[in-house]
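Here is a short briefing to read alongside the sequence and the 3D view. Please keep both open as you go through the points.

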Amino acid sequence: QVQLVESGGGLVQAGGSLRLSCAASGDTFSSYTVGWFRQAPGKEREFVAAISWTGTNTYYADSVKGQCTISRDNAKNTVYLQMNSLKPENTAVYYCAASAKIYVYIASYFSADNYHYWGQGTQVTVSS
């Protein structure tokens, strides 16, 4: 089992950047697949990015390709989400999630149902 804590959110102007962090404890984080999801008020939770437990494979929602970069530092037990050129529509609560599973099909990385450990979320607000 692993506990996740997100940080790095805040209020930024459009065009600005943020780096979100997901710090893990309770287990060996390097053994977990990790994903980032976001949920805006009144909208469904949506996939943003994911990274395999080996760190050799990364996946992104089409809407954030070129804008976001996911990475992990297993020595620090942390996964990052770098977000650039932020827009007001990026405003949401961003959640880090983890799974102990190793997925055969890449489509599995996109489903929130495949992640069983979730952080409390960090608010990202982008003003115009």
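Is S52 buried or exposed? S52 is buried, at a relative accessible area of 2%, where buried means under 20% relative accessible area, exposed means over 50%, and partly exposed lies in between (1.4 Å probe, protein chains only). The model is a predicted one, in which local features need pLDDT of at least 70 and side-chain atom pairs count only at pLDDT 80 or more, while totals for chains, interfaces and linings use all residues. Residues are numbered from 1 along each chain as its sequence is written, and side-chain values use heavy atoms, with hydrogens and water left out.

**Overall build**

- The chain has 0 helices and 11 strands; helices (H or I, at least four residues) and strands (E, at least two) are DSSP runs, numbered from the N terminus.
- The radius of gyration is 14 Å, close to the 14 Å that the globule rule gives for 128 residues, so the chain is as compact as a globular protein of that length. This radius is taken over C-alpha atoms, and the rule is 2.2 Å times the number of residues to the power 0.38.
- Along the principal axes, the C-alpha atoms fill a box of roughly 40 × 25 × 25 Å.
- Of the 128 residues in the chain, 45% are buried.
- Among contacts with a separation of 6 or more, 61% come from residues 24 or more positions apart; a contact means heavy atoms within 4.5 Å.

**An open sheet**

- An open sheet is formed by 4 strands in the order β1-β3-β8-β7, with antiparallel pairing; two strands pair if DSSP finds at least two bridges between them.
- Its edge strands are β1 (3–7) and β7 (68–73), each of which pairs on one side only.
- β7 and β8 (residues 78–83) pair in the antiparallel sense over 6 bridges, and the bridge partner of C68 in β8 is M83.

- S52 sits in the loop between β5 (46–51) and β6 (58–60). Leaving aside neighbours within four places in sequence, S52 is in contact with Y32, T33, N57, R72 and Y109.
- A24 belongs to strand β3 (residues 18–25) and is buried, with a relative accessible area of 12%.
- Not counting residues up to four places away in sequence, A24 touches V2, Q3, L4, F29 and N77.

**Aromatic residues**

- The structure holds 8 aromatic pairs. Rings of Phe, Tyr and Trp (its six-membered ring) pair if their centres lie within 6.5 Å; planes under 30 degrees apart count as stacked, over 60 as edge-to-face and the rest as tilted.
- F47 and F110 form a tilted pair, 4.4 Å centre to centre with 40 degrees between the planes. F47 lies in strand β5 and F110 in the loop between β9 (92–99) and β10 (117–118), so the pair ties together parts that are 63 residues apart in sequence.
- F47 is buried at 9% relative accessibility, whereas F110 is partly exposed at 36%.
- Y115 and W118 form an edge-to-face pair, 6.5 Å centre to centre with 70 degrees between the planes.
- One aromatic cluster is made up of F37, F47, Y95, F110, Y115 and W118.
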